[in-house]
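The following exercises concern the fold of one chain and its contact with a partner chain. Please examine the structure before reading each solution.

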Amino acid sequence: MDQRPVIELRGLVRHFGERTALRDVSVSVPAGATLAILGRNGAGKSTLLRILATLLRPHGGEVAVLGEPLPRRAFAVRGRLGLVAHDPLLYRDLSGRENLRYHAQLRGLEMGRVEEVLEAVGMARRADDPVRLLSRGMVQRLAVCRAVLHEPQVLLLDEPRANLDPAAGELVEPLIGRASSATRVITGHDPAAAVAEADLVLGLREGRAAFVGEPGKISDRILRELYA
Amino acid sequence: MRTARAVLRKDLLLELRTLETLPAMILFSITTFVIFHFALNRETIAGQLAAGVLVATLLFAAMLAINRLFVAEREQGGFDAFLLAPVDRTALLVAKAAALFTFLVVLEVIAVPAFALLLLGPSLGPPLGGLVLLLALADVALAVIGTLVSAIAVQTRARDLIGPIIGLPLLIPALIATARGAGPLLARHGAGFPSGRWLAILALYDVVFALLAYAVFDFLLED
């Protein structure tokens, strides 16, 4: 594994009004590694992912992704990031294929790539149905397609397997799992599963880094405290 | 331009699927003409009164589209999806203004003949070319200012209120120029072409607000 950091946070701070969502968070993620972010609801996991995705500005500290400081050089990394967020970021009244074609056009990709990812997640036959008529699991598969359409170097995955049954989970695995060879930042509602696929764990508690280290070093007591 | 074309195509496709904006604009305009017909208690109108009724109705119908212009982006994650792409953000301004301009043109293709049938005394034939030019310049102002205002309003909880509160005062100069330019066109035995003065004012207004929108639009998309 390449040890040069693809993601580097130093003393990251982010506020929402008077509430501090993240304070003094520091972590370094090497190329190809998977960082699991753990913490209860509201701990700051999604905020951190949105900062890394260039959708939110940091209010303090330093953030660098793929060697580019954010937010100053955000434009240089946008095309190399893929985000699976809580919302699928798909238009409900367009079909899955139309949504993906729109994203392919925004990124200047060949339309063949759209068919490729639809086939990969088993959605080719339902790709012409409006997104609003699809089950949550199908929408989540399309969201994964959107995120990996441009074969990003960094995957930011906010509960990426939410609403997926085991078979669908296996389908998306080559795209967003370890086999994707992307550097990954992942959150999940199941801490054991997130730790199992991580090379590095960041535990957040009320916006602070309560634990940073290898997954083998996280004890049951630390896990309980993170979710207390 | 590739990005702007992609966003515009997507917006027009969404409107074709949902029919949320254009039918409301058309219905509003025709209903307003009927209301004016009874409220003014006149069989027909002409001249400056006709111009005022037509332009004010089109302006308020445009507000319906302005209020909805960014709703899908806000409610369905379109903003985030667009901001994640490595594209020039101005493309969103260009595409949204082009979509709004298209809605206004379609509205006018239906509403102006309806106005002529329901209210207008003089024939619409002779001044049609001049009226089309005047409305096209007015539509550019509506599209550019409307896009700017809509991008601001959609970030607030009271977007239906904020749109008209900010948009209508900004559009008053365009409304005046369009109505004053259209008055002589809609008069009995009126002019066949609008005064160059009003056309120039509208064109200048379009250019100034296009430059202003280009300068500030990027900041409206920041968190």
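Two residues are in contact if their C-beta atoms, placed from the backbone, lie within 7 Å. The model examined here is predicted.

**Exercise 1.** Determine what share of the contacts in chain B with a separation of 6 or more comes from residues 24 or more positions apart.

*Solution.* Take the contacts in chain B with a separation of 6 or more; 86% of them join residues 24 or more positions apart.

**Exercise 2.** Describe the elements of chain B and state how its radius of gyration compares with the globule rule.

*Solution.* Step 1: chain B contains nine helices and zero strands. Step 2: from the N terminus on, the order is therefore written α-α-α-α-α-α-α-α-α. Step 3: the globule rule gives 17 Å for 223 residues, and the radius of gyration of chain B, 18 Å, is close to this value, so chain B is as compact as a globular protein of that length. Step 4: the C-alpha trace of chain B spans about 55 × 35 × 30 Å along its principal axes. Step 5: 47% of the 223 residues of chain B count as buried.

**Exercise 3.** Characterise the side of chain B that touches chain A.

*Solution.* Step 1: chain B gives 20 residues to the contact, and chain A gives 24 residues. Step 2: helix H1 (2–18) and helix H5 (78–84) of chain B are the elements that each supply two or more residues to this side of chain B. Step 3: H1(B) provides the largest share, eight residues. Step 4: sorted by class, the side of chain B that touches chain A has 10 nonpolar, five polar and five charged residues.

Notes:
Residues numbered from 1 in each chain as written. Chains lettered and ligands numbered in written order. Predicted model: local features only at pLDDT ≥ 70, side-chain atom pairs only at ≥ 80, totals over all residues. Helix = DSSP H or I, 4+ residues; strand = E, 2+ residues; numbered from the N terminus. Nonpolar A, V, L, I, M, F, W, Y, C, P; charged D, E, K, R; others polar. Rg over C-alpha atoms; globule rule 2.2 N^0.38 Å. Buried ≥ 20, exposed ≤ 12 C-beta atoms within 10 Å, placed from the backbone.
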